[in-house]
Amino acid sequence: MKTTQNSNILSRRHFLQAAGGLVAVSALPSFADDPSVFPERGRFERLVLAYQHIRAGAKRPFSILHISDTHLTEAYPREGADRLKSKVRRTRTFGGRQEEALRDSLAWAKTNVDYVLHTGDLIDWQSEANFDLVRKYYGETVFGSMGNHEFYTYLPDEKHTWQEPFKTRSWPLLKANFPFDPRFSSKTVNGVNFVCLDDVFGTVQPDQVALFADEVKKGLPIILCMHVPFFTPHIWRTSSKFWQCAGRRFTNAVLPDAKSDYKRQQEDPVTREFVAYLKTEPLLKGILAGHLHVTVQDRFSPTAMEYVIGGNFMFHGEEILFS
Ligand SMILES: [Fe+2]
């Protein structure tokens, strides 16, 4: 199976790839190879996979593994006390099995799908050790989408603003460590155009809208890949239940008030207009996102379903068949 990227032809012998993420998987060690893990069951018993089918109009069928939110939390001893404290604290938050989950996912993908997509928060915060893991697992020709955590340091003087200027400091670092443009990229696979953009604080910017318009001019079916979903009522209700109302039963189906990413999507005129336009764009055949740590899906437009995949740190992923 061939793909095109800037006229380069890549071989899947070397890479599993997708919009949002193209990950080198050959010769990766995997915890799934340890016979003491689920000795009576399958090698990949820990993976929690959902299965989807997007009828995009592909020239030939293919499938991807979509994962998101691995939240790697490594730091070297030389990186200082603050980062080592973050390593302890954030590893506790994410369970300490994140790299195992990533390895299991990639080992499974090697024989089960053609491509791997990662829609952000591969790392939990910026450290030398985490960026070394990025390069280790993505390989040279990877491209994909950022998550909000790719922009964080968790150093004491950092103040998260969830606004564009907060990102400025990180662009050179992310460009140096991820082998794709972290702001906007695209890749065509069997006639399907995977468009990846940074919307890590819930919003898109005018330059990305203009770049998306150029992609539409190609006339190919589009799969939009990004970290934060464009919220529908069902996706917002699900996110609110998980993050704000955990431990409570539903007492009614009233939509919770918009907050954070959803509120910004409603208030930011560029994003609001872009979402409204997307709902009318017939070339849009699907949206793939993460960030929420739960698996949920909803119809976004007459031509596109939106699929949000749960946290890879919990061994979640989804296989998506494209035809
Ligand atoms: Fe996130």
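Predicted model: local features only at pLDDT ≥ 70, side-chain atom pairs only at ≥ 80, totals over all residues.

Colleague: Okay, then what span is expected for α2, and what does it reach?

Modeller: α2 has 15 residues, and the expectation uses 1.5 Å a residue. That gives an expected 21 Å, and from its first C-alpha to its last the helix α2 reaches 21 Å.

Colleague: Which strands does helix α2 lie across, and at what angle does it run to β6?

Modeller: α2 covers residues 98–112, with Leu102, Leu106 and Trp108 among its buried residues. The strands it lies across are β6, β7 and β14, and its angle to β6 is about 175 degrees.

Colleague: In the open sheet, what is the order of the strands?

Modeller: The sheet has 4 strands with mixed pairing. β5 and β7 each have a single partner strand, so they stand at the edges. Neighbouring strands are turned by 25 degrees against each other on average, ignoring direction. Reading across, the order is β5-β14-β6-β7.

Colleague: In which sense do β5 and β14 pair, and over how many bridges?

Modeller: One spot to look at is Leu49, which stands opposite Gly317 in β14. The two strands pair in the parallel sense, over 7 bridges.

Colleague: Is Glu318 buried or exposed?

Modeller: Glu318 is found in strand β14. Beyond its neighbours within four places in sequence, its contacts include Leu49, Tyr51 and His66. A residue counts as buried if 20 or more other C-beta atoms lie within 10 Å of its own. Glu318 has 22 within 10 Å, so the answer is buried.

Colleague: Why is β11 largely enclosed by the rest of the structure, and how many of its residues are buried?

Modeller: Strand β10 is joined to β11 by 4 bridges, running parallel, and Cys225 has Leu288 as its bridge partner there. β11 also pairs with β13 in the parallel sense over 4 bridges. It is largely enclosed because of the number buried: 6 of the 6.

Colleague: Which residue in β13 is the bridge partner of Ala289?

Modeller: β13 takes in residues 304–308. The partner of Ala289 is Val308.

Key
Residues numbered from 1 in each chain as written. Pairing = 2+ DSSP bridges. Axes fitted to C-alpha atoms, helices over the stretch in contact; angles between N-to-C directions. Contact = placed C-beta atoms within 7 Å. Expected span 1.5 Å × (residues − 1). Buried ≥ 20, exposed ≤ 12 C-beta atoms within 10 Å, placed from the backbone.
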